[in-house]
Each structure stands twice: as C-alpha cells, then as structure tokens.
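Good morning, and thank you for making time for this presentation.

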Amino acid sequence: MKKRQIVVRRDRSERSSDTSSSTYRSVRYRECQKNHAANMGGHAVDGCREFMASGVEGTSAAFTCAACGCHRNFHRKEVDSEVVCDSS
C-alpha cells in the first residue's frame with residue numbers, strides 16, 4: 001500500500017480567533033523517469049539524478065532540465081509540507 005500525504009486547508013474565515021496555522025510547501029524535482037526506449041518496447045532511463053533548470057524562473061527555459069534536456073514533468077516530484085500551528 002502506498003503512503004499518501006493529505007493536507008487539509010481551511011479558509012481564514014473558518015479559523016477561530018484563538019488559533020492560527022500556516023502551511024509551508026517545498027517542491028523539489030528528483031530523478032528523471034523518462035523512458036528513452038519506449039518506441040522500441042523497452043525501458044531505459046538516462047540516469048539524471050535531479051532536475052536543474054536551464055533558465056531563470058518565469059521563462060520557458062526554466063521547465064527544461066540542464067542535465068538531460070527533458071521537460072520538468074519527466075522528473076519525480078517531491079513535495080514537503082509543514083503545518084505550523086500557533087495557539088495562544
């Protein structure tokens with residue numbers, strides 16, 4: 001069974017006045033999972049270990065990996081979430 005992470009968000013209007021919480025999300029793109037041998041019926045990956053953007057954030061080059069040249073969607077997405085609750 002796969003583990004899944006669920007983050008429940010509430011609107012500010014639903015929050016009570018005595019507690020507040022914030023959710024911090026960090027997204028990283030890991031190893032490339034693009035199958036280069038798919039057209040031949042095989043399975044081969046290039047070994048790219050982590051996504052490195054080719055350009056500056058906000059440009060189309062930011063979605064291309066500098067190491068392997070493929071789109072960011074081919075890399076495994078890793079999301080780290082942290083919920084911080086402050087109560088008084």
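**A network of charged side chains**

Salt bridges link Arg28, Arg30, Glu31, Glu50, Arg76 and Glu78 in a network. By salt bridge I mean a side-chain nitrogen of Lys or Arg within 4 Å of a carboxyl oxygen of Asp or Glu. Before the details, please note that this is a predicted model, in which local features need pLDDT of at least 70, side-chain atom pairs count only at pLDDT 80 or more, and totals for chains, interfaces and linings use all residues. Residues are numbered from 1 along each chain as its sequence is written, and side-chain values use heavy atoms, with hydrogens and water left out.

How many salt bridges does a search of the whole structure find? The search finds five. In general terms, side chains of opposite charge can pair when their charged atoms come close.

The side chain of Glu78 meets that of Arg28 in a salt bridge, at 2.9 Å from N to O. This pair links distant parts of the chain, with Arg28 in strand 1 (residues 19-32) and Glu78 in strand 2 (residues 75-87), 50 residues apart. Strands here are DSSP runs (E, at least two residues), and helices are likewise DSSP runs (H or I, at least four residues), numbered from the N terminus. The protein has two strands and zero helices.

Glu78 also forms a salt bridge with Arg30, where the closest N and O atoms are 3.4 Å apart. Arg30 belongs to strand 1 and Glu78 to strand 2, so this pair ties together parts that are 48 residues apart in sequence.

A further salt bridge joins the side chains of Arg76 and Glu31, at 2.8 Å from N to O. Because Arg76 lies in strand 2 and Glu31 in strand 1, the pair ties together parts 45 residues apart in sequence.

Are these side chains buried or exposed? For accessibility, buried means under 20% relative accessible area, exposed over 50%, and partly exposed in between (1.4 Å probe, protein chains only). Arg28 counts as partly exposed at 35%, Arg76 is partly exposed at 30%, and Glu31 is partly exposed at 28%.

Glu50 lies in the loop between strand 1 and strand 2 and is partly exposed, with a relative accessible area of 36%. The C-alpha atoms of Glu50 and Arg30 are separated by 4.3 Å, although the two residues are 20 apart along the chain. Leaving aside neighbours within four places in sequence, Glu50 is in contact (heavy atoms within 4.5 Å) with Tyr29, Arg30, Glu31, Cys65 and His75.

His75 is in strand 2 and counts as buried, at 4% relative accessibility. Its side chain reaches the backbone oxygen of Arg30 at 2.8 Å. Beyond neighbours within four places in sequence, the contacts of His75 include Cys48, Phe51, Cys65 and Cys70.

Which residues make up the largest nonpolar core? Six do: Tyr29, Cys32, Cys48, Phe51, Cys65 and Cys70. A nonpolar core is a set of buried Ala, Val, Leu, Ile, Met, Phe, Trp, Tyr and Cys residues joined through side-chain atoms within 4.5 Å.

For the protein as a whole, 12% of the 88 residues count as buried. Among contacts between residues at least 6 apart in sequence, 50% join residues at least 24 apart.

Technical notes: A polar contact is a pair of N or O atoms within 3.5 Å; within protein, one must be able to donate a hydrogen and the other to accept it, and residues adjacent in sequence count only if both atoms are side-chain atoms.
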